[in-house]
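Please consult the sequence and the model alongside the text.

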Amino acid sequence: MEPLPTPPIPADDPALVAAFEARIAAGESIEPKDWMPERYRRQLTRMMSQHAHSEVVGMLPEGNWITRAPSLRRKMCLIAKVQDEAGHGLYIYCGTETLGVDRHDLVQQLLDGTAKYSSIFNYPTLTWADIGCIGWLVDGAAIVNQTVLAKASYGPYARAMVRICKEENFHKRQGYEIVATLANGTPAQKAMVQDALNRWWWPSLMMFGPSDAESPNSAELLKWRVKRKTNDELRQRFVNLTVPQAQAVGLSFPDPDLRYDAASEDWKFGAIDWDEFFAVIKGNGPCNHERLAARRKAHDDGLWVREAAAAYAAKHLARTTEAA
Amino acid sequence: MSVPPVAGARETPVANPLFEYLLRLGDDRLVLGHRMSEWCGHGPILEEDIAMANIALDLVGQGSSLLQLAGVTEGAGRDEDALAYFRGEPEFRNAQLVELPKGDFAFTMVRQFLFDAYSVLQLDALQKSTFAPLAGLASKALKEDSYHLRHSSDWVLRLGDGTAESHARAQAALDELWRFTGELFESDAVDEAVRDNGIVVDQAAIQSRWQQVVADVTRRATLTLPPAGASASGGRRGRHTEFLGHMLAEMQIVARSHPGAKW
Ligand SMILES: [Fe+2]
Ligand SMILES: [Fe+2]
Ligand SMILES: [Fe+2]
């Protein structure tokens with residue numbers, strides 16, 4: 001499908017922009033009925049829909065292990081987690097609709113391949129330990145991001161983040177529990193979890209997005225409180241939180257340059273391979289193709305179901321109206 | 001691996017009928033929950049992904065509790081995971097209905113409906129059992145399965161009375177599944193023996209009430225009930241379809257690759 005031409009952004013009334021920025025500066029929350037600059041609306045629509053898509057696509061790599069989870073308790077936790085992610089997706093799609101877009105159009109953009117979702121979900125889940133690492137690292141990184149987004153200026157998004165973060169914390173705890181269990185398990189389990197950490201570590205750091213030097217919109221986003229911290233600040237916070245957690249269970253990182261810097265109290269890490277990141281973003285990650293194919297298949301296979309539900313609802317609405 | 005007893009008159013007496021009975025209850029729910037969980041992330045609409053995950057979660061949870069109770073009853077040190085992950089196919093006691101591959105959404109929902117309608121009647125009888133641990137589990141599960149039944153009945157109505165395509169798919173599913181329903185209502189020496197444990201389930205009475213519920217919903221869904229015919233059987237004695245082995249191979253692979261490991 002041809003991508004729709006993006007309509008030019010209309011110039012906003014400078015007086016309205018000034019009033020809007022004053023509200024932001026005063027720490028007020030912006031609500032759906034409030035006036036907002038068109039660039040703000042578009043930026044939030046993009047962020048929120050990408051977030052919703054990420055929740056939905058994120059169901060796939062984890063869903064891959066539901067049928068093989070090695071104990072009934074783990075199986076139940078994983079089903080519940082994937083169910084939560086579906087709930088997050090639904091909740092954020094609904095939040096995005098408050099900006100005047102339609103969920104079905106957003107889903108269509110995902111299926112067309114014109115919308116983005118978190119690059120992390122384009123990596124494969126190869127062993128059970130990957131389920132531990134995703135909960136620990138991916139949900140952990142999401143929490144670092146979302147804790148800050150919970151203070152973002154757009155009310156519906158901020159409130160969604162507060163609610164979702166509670167569940168992401170639970171996912172992270174479960175993930176870390178899996179990791180710790182494997183790290184204290186048999187030699188084969190220990191090797192499995194170290195291998196998973198080796199594969200998931202760098203992609204997790206990439207989840208925070210490119211370095212601020214390469215994020216041209218950062219200044220405006222920070223001013224409008226769409227973002228609250230730079231990508232690099234959040235990434236550093238995540239690393240500082242995560243390194244001691246790995247050390248506590250005797251796991252190591254695939255980064256020879258990782259070292260503690262007493263002056264800044266930061267764990268300094270090596271150079272991120274941004275070529276890999278941009279390749280994955282452009283669609284050339286290991287599983288981009290499979291993820292989109294799975295979403296399209298679910299959508300196509302579900303068409304007759306959605307049509308049936310609509311036809312049934314229409315018939316019964318007609319019957320109810322006739323009866324009245 | 002023990003060889004399952006042969007059906008019918010040559011049936012060998014079951015050593016521990018209560019254990020056997022609990023396996024039947026637990027395996028039905030574990031296997032059906034597993035099949036439902038295969039939809040996770042692939043549902044026709046996001047709302048349905050949530051609902052199907054919820055149903056899968058409830059069923060696996062019920063299966064887990066029932067197998068745990070079975071393990072305690074057996075007294076051989078097997079917990080729910082030992083029973084779920086380290087029994088072979090002939091040792092599973094679920095009805096064949098629940099092990100069939102998930103098929104399309106119509107197959108999944110019609111099967112779910114046929115099972116739910118049975119399960120709520122069975123659980124209602126079980127919650128009155130004087131075997132307290134089972135009565136407690138049944139009463140909790142009944143609340144969950146009553147919701148499942150509402151959900152699956154609603155879908156049978158929508159699919160049956162939706163479009164020509166959905167009607168055809170729902171009817172095909174019903175036709176295909178029908179011969180697997182009789183096994184749910186079989187009764188044998190195990191059902192007889194657990195009366196001594198205070199578990200009294202009148203299978204014939206459940207069957208006739210089930211037929212009423214199924215007739216009512218399918219009629220409103222404009223579906224046609226298939227004629228009574230030959231019935232599949234054997235699951236309760238460990239004789240399964242070709243499908244269960246594949247399902248268990250997948251379900252058990254990690255656990256069996258690491259014997260003795262903790263997860
Ligand atoms: Fe989430
Ligand atoms: Fe999560
Ligand atoms: Fe739930």
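Predicted model: local features only at pLDDT ≥ 70, side-chain atom pairs only at ≥ 80, totals over all residues.

Residues are numbered from 1 along each chain as its sequence is written, chains are lettered from A and ligands numbered from 1 in the order in which they are written, and side-chain values use heavy atoms, with hydrogens and water left out. The iron ion (ligand 1) and the iron ion (ligand 2) lie 3.5 Å apart, with A:E85 coordinating both.

**Iron sites**

- Protein donors are N, O and S atoms within 2.8 Å of the metal (3.2 Å for Na, K and Ca); water is not among the atoms, so sites may look incomplete.
- Four donors count as tetrahedral if all angles lie between 85 and 135 degrees; four count as square planar and six as octahedral if opposite donors are over 155 degrees apart and all others between 65 and 115; anything else is irregular.
- The iron ion (ligand 2) has A:E85 (OE), A:D139 (OD), A:E168 (OE) and A:H171 (ND1) as protein donors, at 1.9 to 2.2 Å, and these follow the spacing E-x53-D-x28-E-x2-H.
- The site of the iron ion (ligand 2) is also irregular, with angles of 91 to 146° among its 4 donor atoms.
- A:E85 is buried at a relative accessible area of 5%, and A:E168 is buried at 2%; buried means under 20% relative accessible area, exposed over 50%, and partly exposed in between (1.4 Å probe, protein chains only).

**Loop residue B:F180**

- B:F180 sits in the loop between α6 (164–177) and α7 (189–193) of chain B; helices (H or I, at least four residues) and strands (E, at least two) are DSSP runs, numbered from the N terminus.
- B:F180 is buried, with a relative accessible area of 5%.
- Beyond its neighbours within four places in sequence, B:F180 is in contact (heavy atoms within 4.5 Å) with B:Q96, B:L97, B:L100, B:A232 and B:T241.

**Cavities**

- On a 1 Å grid over the protein atoms alone, a cavity is a set of points where a 1.4 Å probe fits but cannot get out, and lining residues have an atom within 4 Å of a point.
- The whole structure holds 3 cavities of 30 Å³ or more.
- The largest cavity contains about 120 Å³ of space; of its 13 lining residues, the closest to its centre are B:Y118, B:Q122, B:D191, B:Q203 and B:R236.
- α1(B) gives the most to the lining of the largest cavity, with 4 residues.
- The second largest cavity contains about 80 Å³, and its lining includes A:H171, one of the protein donors of the iron ion (ligand 2).
- Volumes are the space filled by probe spheres set on the grid points, which are joined across faces, edges and corners.

Technical notes:
1 Å grid on protein atoms, 1.4 Å probe; cavity = no way out; pocket = protein on both sides within 12 Å on 5 of 7 lines; lining within 4 Å.
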